[in-house]
Amino acid sequence: MPGTSADAVGTFDLDLATGQMTWSQLLYDLHGLVPEVDEPTPAVLFDAVVGEDRERARAEFHRGAQAGGLFSVRYQMLDRQGHTHELVIAAEAWGMEGDASYVSGFVLDVTRPLEDHMNQAVAASAQHRAVIEQAKGVVMLALRVPEEAAFRALRGLSNTHNIRLADLAEQLTDHVSTGSPTDGTPAEVFLRFMDSLEYTEPEYTEPGHPADSLPTQRAVAEAEDKRSVGKGGAATKLR
């Protein structure tokens, strides 16, 4: 099921004055919706929350949006295939003149995966275990979630941004350790770290060749352009 795994990290923006909301593709996938066909709204977001969580989650989101600053909401939702997801919203309410006018944030799917999948990932390299444990502690403190949910959040960021889990954990711990007490709450520090992450383009792969020796997709495309120019064709610029 695309977009409904425990590794999903979606983003959203909300205009509090108009109620207009924008979602990333992962949020559309998670809710079984189609961009330019279905309109994303706060009502759509919270209508999918399971009954016992719905009003609480809606109220917590409303309070966080009105108060301004960083906040988080944890809840369960039911997708259109009948699967239950454990989600955490990590968001910031902000405005140009002090009052909160917009909410921007992340939705992390921390649904419990198979236990052995988590154990294999953590134990894959003993030398990386310590830094992953430290990063889990940072996420637990920032989002106020238990250990397994923190690990799943890290895995989601790792997959979404195409960064090895151990590398991501090291970046997070470095980000926290180089900060100062005036940098804000743990949630603020973690949200800034999430906002700073950039997507790394995966390497071009071809059967029978070692991945380390292969060019990136951009390099392959540029090589194709050069060959096209050499044959009298027009090169296509990458954007």
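Buried means under 20% relative accessible area, exposed over 50%, and partly exposed in between (1.4 Å probe, protein chains only). This is a predicted model: local features need pLDDT of at least 70, side-chain atom pairs count only at pLDDT 80 or more, and totals for chains, interfaces and linings use all residues. Residues are numbered from 1 along each chain as its sequence is written, and side-chain values use heavy atoms, with hydrogens and water left out.

The whole structure holds six aromatic pairs. Rings of Phe, Tyr and Trp (its six-membered ring) pair if their centres lie within 6.5 Å; planes under 30 degrees apart count as stacked, over 60 as edge-to-face and the rest as tilted. F46 and F61 make an edge-to-face pair, 5.4 Å centre to centre with 65° between the planes. F46 sits in helix α2 (residues 42-47) and F61 in helix α3 (residues 51-67), so their pair ties together parts 15 residues apart in sequence. F46 also pairs with Y75, this time tilted: 6.2 Å centre to centre, 50° between the planes. Y75 lies in strand β3 (residues 69-78), 29 residues from F46. Ring pairs join F12, F46, F61, F71 and Y75 into a cluster. Helices (H or I, at least four residues) and strands (E, at least two) are DSSP runs, numbered from the N terminus.

## The sheet

Five strands form an open, antiparallel sheet in the order β2-β1-β5-β4-β3. Two strands pair if DSSP finds at least two bridges between them. β2 (21-23) and β3 stand at the edges with a single partner strand each, so one side of each has no neighbour in the sheet. Neighbouring strands are turned by 20° against each other on average, direction ignored.

Strand β1 (residues 9-15) is joined to β2 by three bridges. L14 stands opposite M21 in β2. Helix α3 lies across β1, β3, β4 (84-94) and β5 (102-109), running at about 165° to β3. Axes are lines fitted to C-alpha atoms, for helices over the stretch in contact, and angles run from 0 to 180 degrees between N-to-C directions. Contact means heavy atoms within 4.5 Å.

## Nonpolar cores

The largest nonpolar core has 30 residues. Such a core is a set of buried Ala, Val, Leu, Ile, Met, Phe, Trp, Tyr and Cys residues joined through side-chain atoms within 4.5 Å. L108, V139, L172 and F190 have the most contacts inside it. Helix α5 (126-143) is among the elements that each supply at least two residues, and α5 gives the most, with seven.

F190 touches V139, A142, L143, L157 and L172, not counting residues up to four places away in sequence. Another core lies apart, with 25 residues, among them W23, L45, A65 and V73.

## Salt bridges

The count comes to eight salt bridges. Each is a side-chain nitrogen of Lys or Arg within 4 Å of a carboxyl oxygen of Asp or Glu. R58 and E55 meet at 3.7 Å, N to O. They are three residues apart in helix α3, about one helical turn. R58 is partly exposed at 28%, while E55 is exposed at 52%.

E86 and R74 meet at 2.8 Å, N to O. Their bridge links strand β4 to strand β3, twelve residues apart. E86 is buried at 18%; R74 is partly exposed at 26%. D167 bridges to R164, with the closest N and O atoms 3.1 Å apart. D167 is partly exposed, at 30%. Salt bridges that share partners also join D53, R56 and E60 into one network.
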